[in-house]
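My entries follow in the order I made them.

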Amino acid sequence: MNQEQRVMDWIENHQDEIIQFLQQLIQIPSVNPWFFEEPGPSKEKDLQQFIAGKLEKLGADIEIWEPVADELKQYEGMAGYYAGRDFTGRPNLAATFGKGTEGKSLLLFGHIDVVMAGSKWTVDPFEGKVIDGKMYGRGTVDMKGGVAAMIMAVEAILRSGFKLKGPVVVGTVVDEEAGGMGALDFIHHGYRADACILTEPTSLTIAPLCRGILWGKIKIQGRSGHIEMPQADWQDGGAVDAIKKARYILEHLDRLNEQWAVSKTHPYLAIPCQVHVAQLNAGEYPTSFANEAEIVFNAQYLPSERDEKLVGGNVKKELTDFLREVSESDPWLREHMPEIEWLVDADCAETDVSHPFVQTCVQSLKAIGEEGKIEGLGFHTDMGWPVNVGIPTVNFGPGDPSLAHHSDEFTPVDEVIQAVKMIAKTIVDWCEIAEA
């Protein structure tokens, strides 16, 4: 029996153990404290210590540390940096296997924080219950399924009686769900590898890119006045309906999206970048024209559109110029120029599909009976910082990403097992192994 077959047999024979490990991760509610109205105790540290205990028993060199925002000031204006963020009780973790070996190295990377459970669950969100072959729970998709798979892939190799010929670093970080400062700190801490698998959910496809995301709020001024009464011209003091002005801008956004649908595409993305309106906020009373209105939007951008700081400054300028041009065509808006308040700039990245590591991952996926499909992710992941420092990176993991953050979030358990096999196969082929 060859090396690969022994590892695959171990995975086949230990499926219950793999699923039980994922359940244990779900049962520690490592909710990012950003989601609580009042600062509360985070279970992120509890989960990191649990993972560290498992990896230490497997022979890893363990490092756990809490990020310090002041030590990251040099990244101001770049992805993931938030001045003054407190990481007390919120550590990052790195576990190194095969330290000092000379083969190619691999970083297995993921975040352990999750969003809060929210409402309308029909099962306990922190139990990890399996029903009809699906495990339900907060984080089963995003992304404890992937974290469990990457750890169990390493365990499968070691417990099959092999040792690594190249180092494997298991990195689990905090704070992805609130901006990605944990990933920034991990890279700042000095961890590097010849390649990286970020085990975000991809429904078992190879995703060598993710899109950048901008959240913004367009603030539009009006002038209140009795909605049931005749109004003078605005230049003579009459009311101006901010909602009507917002609609004027929205009509132009529709035309902009028609242009973007043609110009902002990527061969590995199913949909083009768009400016999607997520919220409309306006008005104070049923009897008054709206004094002001807000359009809250989500705009996506491609890795090719990043600015000199590797974030979305170029697209911010494009949208700011667009708003100015639209406003110049309306007398009121020209005199009362709307403004954009930027809320979030989540970065993006891309690894060339022809890179040997991407092709190694594709072949690993085919070897376990999957299609080996390459498909980009329309949302942000933590892959930006590994790519920024020269680590070829792919996203790959179990679970449908469209189910992330849902009530009754679930991942098919057979996808978790397949992910363990694919990652183990990639370690065998990329890092290589030998009899222990």
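**Entry 1. Helix H5.** I began with the buried residues of H5: Met181, Gly182, Ala183, Leu184, Asp185, Phe186 and Ile187. Buried here means under 20% relative accessible area, exposed means over 50%, and partly exposed lies in between, with a 1.4 Å probe and protein chains only. H5 covers residues 181-188, and seven of its eight residues are buried. Helices are DSSP runs of H or I with at least four residues, strands are E runs of at least two, and both are numbered from the N terminus. I then looked up what the buried residues of H5 pack against: strand S1 (61-65), strand S2 (92-97), S3, strand S7 (168-173) and helix H10 (384-388). Contact means heavy atoms within 4.5 Å. Glycine 190 follows H5 and has a positive phi, near 110°.

**Note on the model.** This is a predicted model, in which local features need pLDDT of at least 70 and side-chain atom pairs count only at pLDDT 80 or more, while totals for chains, interfaces and linings use all residues. Residues are numbered from 1 along each chain as its sequence is written, and side-chain values use heavy atoms, with hydrogens and water left out.

**Entry 2. Aspartate 113.** Is aspartate 113 buried or exposed? Its relative accessibility is 0%, so aspartate 113 counts as buried. I listed what aspartate 113 touches, leaving out residues up to four places away in sequence: Ser30, Asn32, Glu44, Asp142, Val173, Val174, Asp175, Glu176, Glu177 and Ala178. Glutamine 48 is 65 residues from aspartate 113 along the chain, and their C-alpha atoms are separated by 10.0 Å.

**Entry 3. Backbone checks.** Lysine 120 also sits in the loop between strand S3 (106-111) and strand S4 (130-131). Its phi is near 65°, a positive value in a residue other than glycine. Lysine 120 counts as exposed because its relative accessibility is 73%. Histidine 405 has a positive phi too, near 70°, and is not glycine either. I placed histidine 405 in the loop between strand S15 (393-395) and strand S16 (410-412). At 39% relative accessibility, histidine 405 is partly exposed. Which peptide bond is cis, with omega near -10°? I found that bond running from aspartate 142 to methionine 143. Methionine 143 lies in the loop between strand S5 (134-136) and H4.

**Entry 4. H4 against H11.** I moved on to H4 (residues 144-159) and H11 (residues 413-430), whose axes are 8 Å apart and pack at an angle of about 50°. That angle makes H4 oblique to H11. Axes are lines fitted to C-alpha atoms, for helices over the stretch in contact, and angles run from 0 to 180 degrees between N-to-C directions. Angles under 35 degrees count as roughly parallel, over 145 as roughly antiparallel, 65 to 115 as roughly perpendicular, and the rest as oblique. The crossing of H4 past H11 is right-handed, meaning the near helix is turned clockwise from the far one by less than a right angle. From H4, Gly145, Ala149, Met150, Met152, Ala153, Val154 and Ile157 meet Val416, Ala419, Val420, Ile423, Ala424, Ile427 and Val428 of H11. By class, the residues of the contact of H4 with H11 are 13 nonpolar, one polar and no charged. Ala, Val, Leu, Ile, Met, Phe, Trp, Tyr, Cys and Pro count as nonpolar, Asp, Glu, Lys and Arg as charged, and the others, Gly among them, as polar.

**Entry 5. H1 against H4.** I checked helix H1 (residues 3-13) next: its axis comes within 9 Å of that of H4, and the two cross at roughly 120°. H1 and H4 are therefore oblique to each other. Their crossing is right-handed. Val7, Trp10 and Ile11 of H1 make the contact with Met152, Glu155, Ala156, Ile157 and Arg159 of H4. The contact of H1 with H4 has six nonpolar, no polar and two charged residues.

**Entry 6. Phenylalanine 297.** Phenylalanine 297 has a relative accessible area of 3%, so I noted it as buried. Beyond four places in sequence, its contacts include Leu214, Trp215, Val275, Leu319 and Trp342. Aspartate 307 is 10 residues from phenylalanine 297 in sequence and 20 Å away in space, C-alpha to C-alpha.
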